[in-house]
Amino acid sequence: TINLCCVATDHVLKDTDGKNFHVSKDKMNNVWNSKHMQIYRKFMIDGKKLPNCQGCYKSEELGKTSTRQLMNAEWNDKLGSRGVRQRVIEALKNDYQLDDSRPVYLDLRLGNICNLKCRMCNPYNSKAIGSEHSELLEKDFNYRMVYLREYGDTAEFMKTMTNWYESDLFWDQIIELIPHLKKVYLTGGEPTLIKQNYKFLEKIIEHNLQNDIELFFSINVTNVTSKFLKLTSKFKSVQINCSIDAIGKYNEYIRKNSNWDEVDTNFRKLCKIESLRLFVTPTVQVYNILHLHEILYYVEKCRKEFKKNIEVDFLFLNHPEFLDITILNDKIKQICYDNLNEYKTKFTETYNTTFFTRDSIDGLMNLLKSERHQKYKFLIPEFFRYNDSIDNIREESFGSIFPELEKLMREE
């Protein structure tokens, strides 16, 4: 499918018949100037809030700089105020269509090939989850009910998970866009495992545009190969976001199939690359609420060891709802709050000089003091129903890995 934005809700773009656009059959230009996109442009130019963008608006209310704000600032810088104004004028003159201005940024998710089975993930973002999901859906009543309530019946959507990224139409259009691009975001699945990502990077190099197009990856840090490092080293500007949700056994539980020693070794390998902009991007969720501060301390240690500015950017999970930290009681949230406050006190210089780390800590501390989720009485049992199903099939135990958290959650 083709989406409005990676963090928006109800984000799949549709044609005039209400059918999802798909890259294997629809022309990019038709999507770029579709009725949906015209409506979204009008809303934004008129300064109206889009219902799809509630996640960003919520982050802004909590005092955390949202993806929307970051993107606006970044593209105002990359295109210049004149370039932005030119696109607005073109849209206003042309019924909110952009015929002359082509996309300058691509967010490519070329399939769902992934080696991990993260607790907060789903089968259309990770192929590794697929067989486990099918078995649970068929045999486990609790899992099936929780999944259907949270995601709906995705059977028809799953049928579209074909090798669309091998379509000639898709690749012809992507290659045609290369001269217009300024930045590309590659994720997955796991982007280091997706062969088509390497093909795309090689095409950029063939166009001799590796100094003009910025690369941005989100990786799970399990597959930092020499091939990946050699190819990305040819580009002038590269940022890597490392999806690390906890340290040690906690990360291994949340991100099934990951090995902490391997993740640590690979992360340190990345730390040694001076030109690389490096971020750690934990997904803030029920599982890691009592251990988020440990990530901050780990990154602090690596900053000192490698003399490198590494940022931490917390990503606030709000879907599935039963993993949203706002379902938790005040005692649990206070422990997390105190842990963050202690880190701020110990590492004042880092807190004061790193934009994303400070912004993340402040935003999370505000979230921890916000009102409790209205449906928490339903969602906490929902969490245990879902988690017990996963534990059973994986022969794991939430209580043995997170004994304190389980005790506090079951106290109510």
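Helices (H or I, at least four residues) and strands (E, at least two) are taken here as DSSP runs, numbered from the N terminus. Good morning, colleagues. The model before you is a predicted one, in which local features need pLDDT of at least 70, side-chain atom pairs count only at pLDDT 80 or more, and totals for chains, interfaces and linings use all residues. Residues are numbered from 1 along each chain as its sequence is written, and side-chain values use heavy atoms, with hydrogens and water left out.

I begin with the whole chain. Its secondary structure comprises 19 helices and ten strands. The radius of gyration, taken over C-alpha atoms, is 22 Å, close to the 22 Å from the globule rule (2.2 Å times the number of residues to the power 0.38) for 412 residues, so the protein chain is as compact as a globular protein of that length. Of these 412 residues, 51% are buried, meaning under 20% relative accessible area with a 1.4 Å probe, protein chains only.

I turn now to the sheet. Six strands form an open sheet in the order β1-β3-β4-β5-β7-β9, with parallel pairing; two strands pair if DSSP finds at least two bridges between them. At the edges stand β1 (105–109) and β9 (310–312), each with a single partner strand, so one side of each has no neighbour in the sheet.

Within this sheet, β5 (residues 238–242) and β7 (residues 277–280) run parallel and are joined by four bridges. Gln 239 has Arg 277 in β7 as its bridge partner.

Finally, helix α16 (residues 355–368) lies across β7 and β9. Thank you.

Technical notes. Contact = heavy atoms within 4.5 Å. Axes fitted to C-alpha atoms, helices over the stretch in contact; angles between N-to-C directions. Buried < 20%, exposed > 50% of the residue type's maximum accessible area, 1.4 Å probe, protein only.
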